[in-house]
Amino acid sequence: MGCATGTLKYSLFLFNALWAILGILVLVFAGLGWGAMPDQYAIGILVLGGIILLTSLFGCCGAVRESPRMLWTYVSLLLVLLVLTVAFMFLSPKDVFKKYALQTVETHWEKEQTEPGSMDYIQRMYSCCGRESPRDYLNSQFWNNTVPDSCCKNGSCVNPLNLFVQGCLGRVEEAFEDEQSTLSYFEWGLLGFDAVILLLAAVLAIHYTNRQRRYNY
């Protein structure tokens, strides 16, 4: 059992190093996406990243110190994370981010009427122009049959071919349809990764618990 235990121990340590990197990436994603998603979801993603980092610390320390107590704590945290992931996959409305992004376009388009430039960031990010199309600008008296530079590739509308011909509502809709499948792959990957580490941790926790009991007797 010594060789097998050592293999499990170092495999768990390696998986936890990857787990910690994943937690950091989730925190970075939440930080970069702040303002581009509802605050409660941004906070939820930050909490998820924090939980992943916390579990990785317990897993690494428990494996290195061969501590049954820390490993069982680790297993408990992984179970909580597993439940949260399943809940998010099956209970969370999948189009919440898309609805928020579409509402952001609507809000910024309304502001554009009185505060020119409000749409610039969105138009550059999604390579789009106007609410429905560039005609929204061309039909506006304020813009006098012109469009802002953010409506064109490289910020230059000198060449008419640089003009983004699609409206921002349509582009956002398309972008989130593409990202939805990516999100699903991430969720299933996270679930599978969690399950593998949970199995390794549970086996090690049972082994170290039994060994501790033998020593006590």
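This is a predicted model: local features need pLDDT of at least 70, side-chain atom pairs count only at pLDDT 80 or more; totals for chains, interfaces and linings use all residues.
A salt bridge here is a side-chain nitrogen of Lys or Arg within 4 Å of a carboxyl oxygen of Asp or Glu.

## Salt bridges

Let's stay with Arg-131 for a moment. Arg-131 also forms a salt bridge with Glu-106, where the closest N and O atoms are 2.8 Å apart. That pair links distant parts of the chain: Arg-131 sits in the loop between helix 5 and helix 6, while Glu-106 belongs to helix 4 (residues 96-112), 25 residues apart. Put together, Glu-106, Arg-131 and Glu-132 are linked in a network of salt bridges.

How exposed are the members of this network? Arg-131 has 25% relative accessibility, so it counts as partly exposed. Glu-106 is partly exposed too, at 24%, and Glu-132 also counts as partly exposed, at 47%.

How many salt bridges does the structure hold? The count is three. One of them is in helix 7, where Glu-174 and Arg-171 lie three residues apart, about one turn of the helix. Their side chains meet at 3.3 Å, N to O. Glu-174 comes out as partly exposed because its relative accessibility is 35%, and Arg-171 is partly exposed with a relative accessible area of 24%.

## Disulfides

On to the cysteines. A disulfide is a covalent bond between the sulfur atoms of two cysteines. The model has three disulfides, and here they are side by side.

| Disulfide | S to S distance | Torsion about the S-S bond |
|---|---|---|
| Cys-128 and Cys-168 | 2.1 Å | about 85° |
| Cys-129 and Cys-151 | 2.1 Å | about 85° |
| Cys-152 and Cys-157 | 1.9 Å | about 105° |

If you count the bonded cysteines along the chain, the disulfides follow the pattern 1-6, 2-3, 4-5.

Take the Cys-128 and Cys-168 pair: its torsion of about 85° makes the disulfide right-handed. Cys-128 lies in the loop between helix 5 (120-126) and helix 6 (135-138), and Cys-168 is in helix 7 (residues 168-216), so the bond ties together parts that are 40 residues apart in sequence. Are these two cysteines buried or exposed? Cys-128 counts as buried because its relative accessibility is 0%, and Cys-168 is buried at 0% as well.

Next comes the disulfide of Cys-129 and Cys-151, which is right-handed with a torsion of about 85°. Cys-129 is in the loop between helix 5 and helix 6, whereas Cys-151 is in the loop between helix 6 and helix 7, so this pair ties together parts that are 22 residues apart in sequence. Both Cys-129 and Cys-151 are buried.

That leaves Cys-152 and Cys-157, whose torsion of about 105° also gives a right-handed disulfide. Cys-152 is buried, with a relative accessible area of 5%. Cys-157, on the other hand, is partly exposed, with a relative accessible area of 25%. Why the two labels? Buried means under 20% relative accessible area, so the 5% of Cys-152 falls in that class, while the 25% of Cys-157 counts as partly exposed.

## A nonpolar patch

Finally, a look at the surface. Leu-14, Leu-18, Ile-21 and Leu-25 form a nonpolar patch there, with about 400 Å² of accessible area together. Leu-25 is found in helix 1 (residues 2-32). With a relative accessibility of 55%, Leu-25 counts as exposed.

Definitions and conventions:
Residues are numbered from 1 along each chain as its sequence is written. Side-chain values use heavy atoms; hydrogens and water are left out. Patches are made of residues with over 30% relative accessible area and no salt bridge: like charges are joined within 9 Å, nonpolar side chains (Val, Leu, Ile, Met, Phe, Trp, Tyr) within 5 Å. Accessible areas come from the Shrake-Rupley method with a 1.4 Å probe; for residues, only the protein chains shown count as cover. Helices (H or I, at least four residues) and strands (E, at least two) are DSSP runs, numbered from the N terminus. Buried means under 20% relative accessible area, exposed over 50%, partly exposed in between (1.4 Å probe, protein chains only). A disulfide is a pair of cysteine sulfur atoms within 2.5 Å.
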